[in-house]
Every structure is written in structure tokens, then in C-alpha cells.
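Colleague: I am new to reading protein models. Could you take me through some features, one at a time?

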Amino acid sequence: MLGVIRRRVVSGASSASILLQPRGGLGRVRNLSHLIFAGSSPCIKKTRNVGVVIQLEPIRQMWSRPFSSETGDFIDAVVPHMGESITDGTLAKFLKNPGDRVEVDEPIAQIETDKVTIDVASPQSGVIQKFVANEGDTVEPGTKIAVISKSVDGVDHVGPSEKTSDRAAAQSSPPVENIDKKKEPKVETTPVTEKPKPHSPPPSKPSAREPQLSPKERERRIPMTRLRKRVATRLKDSQNTFAMLTTFNEVDMTNLMKLRSDYKDAFVEKHGVKLGLMSGFIKAAVSGLQNQPIINAVIDGDDIIYRDYIDISIAVGTPKGLVVPVIRNADKMNFAEIEKEMNTLAKKANNGSISIDEMAGGSFTISNGGVYGSLISTPIINPPQSAILGMHSIVTRPMVVGGDIVPRPMMYIALTYDHRLIDGREAVFFLRRIKDVVEDPRRLLLDI
């Protein structure tokens, strides 16, 4: 890369010719009267020709396909970026085996973090040659976990046994300290004393004894997943931090269930999604938070942060643990928009594709234990929020209506709140607003 740049210096007919040469090359300098360094002003006294040799650093191409590194016929699959607040994760399991054919962006492994499960995708179509990490390993973004061969001929089907061969090689090669000791004649007895040591503590025996435990000691020890450990830590921190108190009420579900029954077909036909009961409770919670803004606030040190937005977190139980996706700006959404957003988030939560951003934040949480048959419970606050609403199962009970005893579909609702910030008066008024709106949804239209 050789080029000449000619420019005019500020003084009259003075000119400078700058000769550019690649790094390592030595160019000619003609009529060199002075050198112009970066950051200094040129000395201009009279007309002169100045030739300056500039060595250019080689231009490095920094772009590459994300989460991969390529070497000839092989390309490495590495752990992708997992989020700003996540520095590492656990390699939960491999979805493919060495020798399997994979397509570009096809998941080959799953990384379990404190919040979500992330897929490691194949950076290119090819065949998995080998895995260079093991299930259960702690990995960071950029860690290589597999090698993908672009051609079928380069596949090494002995990839899974490479670890055992490496172990055998490591055991056969003695440490450097032992080699130095063997050179000294006085230390000839040390290998004899060290030989029985590896045989005395057998690490594999406990695992072999597990199936043979006596009937009174039948138990299994399984490491907790990162998500379960994170949930356990947050719930215990919540219990230790908040002054939690729970207040209860009961709701007659007759009118809300009738509303859904009367308009469910028209609702599906127009919006393409079913009308459920959860959207009614979310709209009722929005109305309650607007009437009692302190429920939507949070303590931060010696200050109280009042949120002028309403982001409703929905607790969703998945096979891997509890996740809490967030419905943003629920106060600006109608029934159809809420139902669509809930369906989208629930599907992502169940198949493990939900992102961290979709679970971050939230100013108030609703937990529906009724889907599992819970009659009544005391939910735990999801920090950094200040309250959580618990829904429960609908049970037909005899109720007194207009002096008569009639069967009604009833639900117990519970509000757990931080008593440091929220007084009992505000908590009861909020729960009462939930009851009034659910029992008569027309209040939402009239704003009463």
C-alpha cells in the first residue's frame, strides 16, 4: 500500500510531499529539511520540499461472526454475551452429540444463568467434531465449548473420549517436582510413600454406593440450578429486608365470568386471542395503583421513589423454576393488548427463550396460585417492589345476596406489602378497589 499525499502548507508556495509506506518498508527521503511531528506546528521560513516517511500500522480486520472463531476448516462455537448483569453461567447440557450435523444458528448447548437459560447456537453449518467443555462447567462469554467442522471428512468421532485420554496422559506424566526429586538419590523413598495415597481416598466410591443405600437412607443429592439458587437468595433477602404484612379479601367472580362468557367468541374473532380472567385483574390492579400511588412506590435508602409508570410483573412457574416477565406500561393497554402480551411472554418463559430485558424492572407483581388449586396463601414481595397481589382458585360457596343464600363463584385475594412504606389503610383501600372493579367491571368504563 504505497501512496503519495500532496498538500499545500499555509505559507505561500511551500509544499510537503508525504510518502506513505507499509510497516517494515524503508522509503527514500528527498530534500529533508525538517520533520513535522503530530501535534507540532511546521516551521515555515522559505520554500522547501519536505519528504516525510510514515510507517503505517497494518490494518486489522476486527469484524467476525459473533460468538465464533474460525481456524481453517474448523470453527469454534463459543458462549455468547449473556447480558449486562450476568458474568458467567453453567453449561447445563448439550443438545447435540459429536458427529451430528448442525445448521447455522441451530442450538447445540444450553447455558443456565441466574435468570434465564441461553442457547449456544452453531456459528456455521457443518458437523460437530468435538466438545471442549463439560456439562456442569462454569463458563463465561467467549468461552469455547465446541468445534464445528465445515467438511464431513474432518470429523473426529473420538471427540467425547478425548477428555479421558487427556486424563490418562496427565496421570502418566509425573509433575515437575517429582522429576526433580527423582534426580536426587536421597528422595528415592518418596515415590513409594506417595503411591498408596491416590489409592487410599477413592472419590468414585460414594457415587457407586448411592444406589445401594439402605432403605432408611434413601436419598439423592442433586446440585441446585443457578435459577433455583437465585430465586432462593432473592426470596430470603426479601424476607429479611421487608416488614411484610398480608391482608385478605374475597371477590365474587360472577360478573367477570359472565362478561367473558358473553363476549369470548367475539373477542377471539376480532383480536385473535382468548379473553381470560387475568387481564381483568391486571386492569383492576392498574386502577388500584392509580388510586393508591404508594403501592407503586419503593424505598431507596432514605428516599421514597414514586413511579409514574405501571409495569406489572406476572409470576410464571416453569419446569426450570419461577420467572417473572413484565408487562410494560400496562396502564396504557386494553384487554386485548394485555392478553396478547401475556401469551407471548408465557410461551417464551415455558420454552426458555425469554430474555433478561423482558424480566427486568416491574413495579408491581401478580401471582396466580389458583391455576395450581391454591385456596389461600401469603405471597412474598418481589424486590425491589413494595407489594404483590395473590390470586387463588375459584370455589363455589354459599353467599348471602339480597337476604338469600345463593351459590357464588368466590376467590380469595391477598395483598402482601412492605409495612415500612405502606400503611394498613392504603393496603386495604387498594385491595378493596380490586374487589370493586372485578365484581363490577363497568366501573372501568365510568372511572368510578
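Colleague: Where does Pro384 lie?

Modeller: Pro384 sits in the loop between strand 20 and strand 21. Keep in mind that this is a predicted model.

Colleague: What is the peptide bond from Pro383 to Pro384 like, cis or trans?

Modeller: Start with the general idea. Most peptide bonds are trans. Now the case here. The bond from Pro383 to Pro384 is cis, and its omega is near 5°.

Colleague: Now salt bridges. How many does the count come to?

Modeller: The count comes to 14 salt bridges. To find one, look for a side-chain nitrogen of Lys or Arg within 4 Å of a carboxyl oxygen of Asp or Glu. Glu106 and Lys96 form one, with their closest N and O atoms 2.7 Å apart. Glu106 is in the loop between strand 7 (101-102) and strand 8 (107-112), while Lys96 is in the loop between strand 6 (89-94) and strand 7. The two are 10 residues apart.

Colleague: What about Arg397 and Glu250?

Modeller: Their side chains meet in a salt bridge, at 2.5 Å from N to O. Arg397 lies in strand 22 (residues 394-401) and Glu250 in strand 13 (residues 244-252), so the pair ties together parts 147 residues apart in sequence.

Colleague: Arg397: buried or exposed?

Modeller: Arg397 is buried, with a relative accessible area of 16%. Glu250 is partly exposed, with 24%.

Colleague: How are Lys258 and Asp262 placed in helix 7?

Modeller: General idea: an α-helix has 3.6 residues a turn, so residues three or four places apart point the same way. Lys258 and Asp262 are 4 residues apart in helix 7 (residues 254-271), separated by about one helical turn. Their side chains meet in a salt bridge, 2.9 Å from N to O. Asp262 is partly exposed, with a relative accessible area of 46%.

Colleague: How far does helix 10 reach?

Modeller: Helix 10 (residues 424-439) has 16 residues and reaches 22 Å from its first C-alpha to its last. That is close to the 22 Å expected at 1.5 Å a residue. Its buried residues include Phe430, Leu431 and Ile434.

Colleague: Last one, confidence. What is the mean pLDDT of the protein chain?

Modeller: The mean pLDDT is 76, and 69% of the residues reach 70 or more. Over residues 154-201 the pLDDT is below 50. That stretch has 20 contacts in the model beyond near neighbours in sequence.

Notes
Residues are numbered from 1 along each chain as its sequence is written. This is a predicted model: local features need pLDDT of at least 70, side-chain atom pairs count only at pLDDT 80 or more; totals for chains, interfaces and linings use all residues. Side-chain values use heavy atoms; hydrogens and water are left out. The expected span of a helix is 1.5 Å times one less than its number of residues. Buried means under 20% relative accessible area, exposed over 50%, partly exposed in between (1.4 Å probe, protein chains only). pLDDT is the predictor's confidence in each residue, from 0 to 100. Contact means heavy atoms within 4.5 Å.
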